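Please open the model in a viewer and keep the sequence panel beside it.

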Amino acid sequence: MYRPVESRSFRRATLLAFGLLTVASAATLRSFSTAEARSATDVPPQVKKPARKTAKPAAKPAPKASAAAPATQGPDGKVVYSTTCAACHQATGEGVEGTYPPLANSEIVNGDEAKVVRIVLHGLTGPVEVAGETYSGMMPPWGGVLKDPELAAVLTYVRSAWGNKAAPITVSKVAAIRAATSSRTTPWTAAELATVK
């Protein structure tokens, strides 16, 4: 049977194109599988050791926490201190001479909790005497920034760090003082704090 030349050359071209396409696809797949193999060899295999047979029975799982137990803890006072207080009072609680008073062995920190809570809530301005030295830096108010649990945590931390041995401050104490002084809009002075009981 007679077949035209054009149809034969067209068929050959089609078969050749199909063959090239197949070869190109195989080469592409091979390059992907080679890359995957290389990345797989970059990661060391994890070898599992066979379990030893022992005569001891398997340990019982720990009891689950009851649903009534709280899932979260309060804020960490040391973290709150390092992010809000350490810039002025230093990580060591030693303060900055003449400007920011030390918190370590401070009679204010170790003294009346009502005063120290007021200072942190509303700030402190004017000269203040600590350990026989006068400091003139201004303490900013933190009451608008820190919540009651954060204030209680940071004050409890400060009152127990660097040799301080004062009692912890509770969240309820902070909340009560915040409520009692809610109308205050200015920082305290040392003279005003002297009258607080």
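**Before selecting anything**

This is a predicted model, in which local features need pLDDT of at least 70 and side-chain atom pairs count only at pLDDT 80 or more, while totals for chains, interfaces and linings use all residues. Residues are numbered from 1 along each chain as its sequence is written, and side-chain values use heavy atoms, with hydrogens and water left out.

**The whole chain**

Display the protein as a cartoon. The protein has seven helices and two strands; helices (H or I, at least four residues) and strands (E, at least two) are DSSP runs, numbered from the N terminus. Followed from the N terminus, the elements run α-α-α-α-β-β-α-α-α. Of the 197 residues, 26% count as buried. Buried means under 20% relative accessible area, exposed means over 50%, and partly exposed lies in between, with a 1.4 Å probe and protein chains only. Among contacts between residues at least 6 apart in sequence, 62% join residues at least 24 apart; a contact means heavy atoms within 4.5 Å.

**Helix H2**

Select residues 77–84, which form helix H2. Which residues of H2 are buried? They are Gly 77, Val 80, Tyr 81 and Thr 84. These residues cover an arc of only 100° around the axis, which puts them on the same side of H2; the arc is that of the directions from the helix axis to the C-beta atoms. An α-helix has 3.6 residues a turn, so residues three or four places apart point the same way.

On the face of H2 turned away from its buried side, find the exposed residues Lys 78 and Thr 83.

**The loop between H3 and H4**

Move on to Asn 105, found in the loop between H3 and H4. Asn 105 has a positive phi of about 60° although it is not a glycine. With a relative accessible area of 55%, Asn 105 is exposed.

**Helix H4**

Select residues 113–122. Eight of the ten residues of helix H4 are buried, so H4 is largely enclosed by the rest of the structure. The buried residues include Val 116, Arg 118 and His 122. What covers the buried residues of H4 includes helix H5 (148–158), helix H6 (171–180) and helix H7 (190–194).

Asp 112 caps the N-terminal end, where a side-chain oxygen lies 3.0 Å from the backbone nitrogen of Ala 114. Just after H4, Gly 123 takes a positive phi of about 90°.

**Where H5 meets H6**

Show H5 and H6 together. The two helices pack at an angle of about 115°, with their axes 8 Å apart. The contact is made by Asp 148, Pro 149, Leu 151 and Ala 152 of H5 and by Val 171, Val 174, Ala 175 and Arg 178 of H6. Within this selection, pick Asp 148: is this residue buried or exposed? Asp 148 is buried, with a relative accessible area of 16%.

**The loop between H5 and H6**

Finally, select Arg 159, found in the loop between H5 and H6. At 4% relative accessibility, Arg 159 counts as buried. Its side chain reaches the backbone oxygen of Ala 167 at 2.9 Å, and the backbone oxygen of Gly 111 lies 3.1 Å from a polar atom of that side chain. Leaving aside neighbours within four places in sequence, the contacts of Arg 159 include Asp 112, Glu 113 and Val 116. Arg 159 and Ile 169 are ten residues apart in sequence and 8.6 Å apart in space, C-alpha to C-alpha.

In the loop between H5 and H6, also select Trp 162. Trp 162 has a positive phi of about 55° although it is not a glycine, and it is partly exposed, with a relative accessible area of 23%.

Definitions and conventions: A polar contact is a pair of N or O atoms within 3.5 Å; within protein, one must be able to donate a hydrogen and the other to accept it, and residues adjacent in sequence count only if both atoms are side-chain atoms. Axes are lines fitted to C-alpha atoms, for helices over the stretch in contact, and angles run from 0 to 180 degrees between N-to-C directions.
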